[in-house]
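Here's a quick briefing for anyone meeting this structure for the first time. Have a look at the sequence and the model, then read on.

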Amino acid sequence: YIVVDWAVATASNAVPSQDDEVTLVVEQPPPLITKTDNQDPVLAGHTLIYTITVQNTSGSLTVSNVTVVESYDPNFVFGSSVPPPLAGTSNTWYLGHLPPGAVSNIVITGTVSTNAMAQDVLFNTAEVFSDSGSRTVHETTQVLQPATLGGRMWEDYNLDGYYDGESPDDSVGRQVNLYSNGVLIATTVI
């Protein structure tokens with residue numbers, strides 16, 4: 001926005017004088033914040049990594065006093081982060097001042113609680129605060145329960161889908177692998 005100052009000076013024994021000054025004021029937008037999860041979906045009891053990215057999108061102004069605050073889902077257990085959070089916290093980072101175009105990343109590693117149920121969705125929020133304002137971002141992560149394998153394996157000669165004693169039991173010593181979306185999630189030998 002533009003600020004205009006205008007003044008007129010008059011005196012009884014002088015010619016009136018006028019002066020004006022125009023000032024262009026550029027507002028600094030708050031930093032941009034994004035958040036990703038790895039991996040999604042994730043198995044209960046397994047590691048989950050969040051990456052928070054904060055960026056000063058200004059081409060000419062420094063953003064001051066940048067702080068990030070993370071609100072974890074109750075089924076996420078914080079383990080560590082790079083950089084580490086402020087002393088005494090597991091969810092607050094002071095990034096200081098970000099020069100024009102600067103980017104800062106926070107990588108958070110934790111574990112999904114084994115109490116998380118299949119089809120639960122973890123909901124996390126990250127907020128960035130600065131002298132120029134704040135922004136918020138949300139990330140959801142799908143939870144799956146680990147599968148278990150067991151039982152018996154046979155070739156179904158009559159194609160009825162049941163073991164009825166007609167098929168020879170050749171399952172002893174066979175390894176069975178369970179995949180989800182191309183990722184090996186369980187192995188057993190029966």
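Buried means under 20% relative accessible area, exposed means over 50%, and partly exposed is in between (1.4 Å probe, protein chains only). With 25% relative accessibility, Phe-78 therefore counts as partly exposed. Bear in mind that this is a predicted model: local features need pLDDT of at least 70, side-chain atom pairs count only at pLDDT 80 or more, and totals for chains, interfaces and linings use all residues. Residues are numbered from 1 along each chain as its sequence is written, and side-chain values use heavy atoms, with hydrogens and water left out.

**Aromatic rings**

- Searching the whole structure turns up three aromatic pairs (rings of Phe, Tyr and the six-membered ring of Trp, centres within 6.5 Å; planes under 30 degrees apart are stacked, over 60 edge-to-face, the rest tilted).
- Tyr-72 and Phe-78 make a tilted pair, because their ring centres are 6.0 Å apart and their planes sit at 35°.
- Lys-35 has its charged end over the ring of Tyr-50, 4.3 Å from the centre (the cut-offs: NZ of Lys or CZ of Arg within 6 Å of the ring centre and within 35 degrees of the ring normal).

**Sheets**

- β5 (residues 47-55) and β9 (residues 103-112) pair over nine bridges, and Ile-49 has Thr-109 in β9 as its bridge partner.
- Another open sheet has five strands, ordered β4-β11-β10-β6-β8, with mixed pairing.

Definitions and conventions:
Two strands pair if DSSP finds at least two bridges between them. Helices (H or I, at least four residues) and strands (E, at least two) are DSSP runs, numbered from the N terminus.
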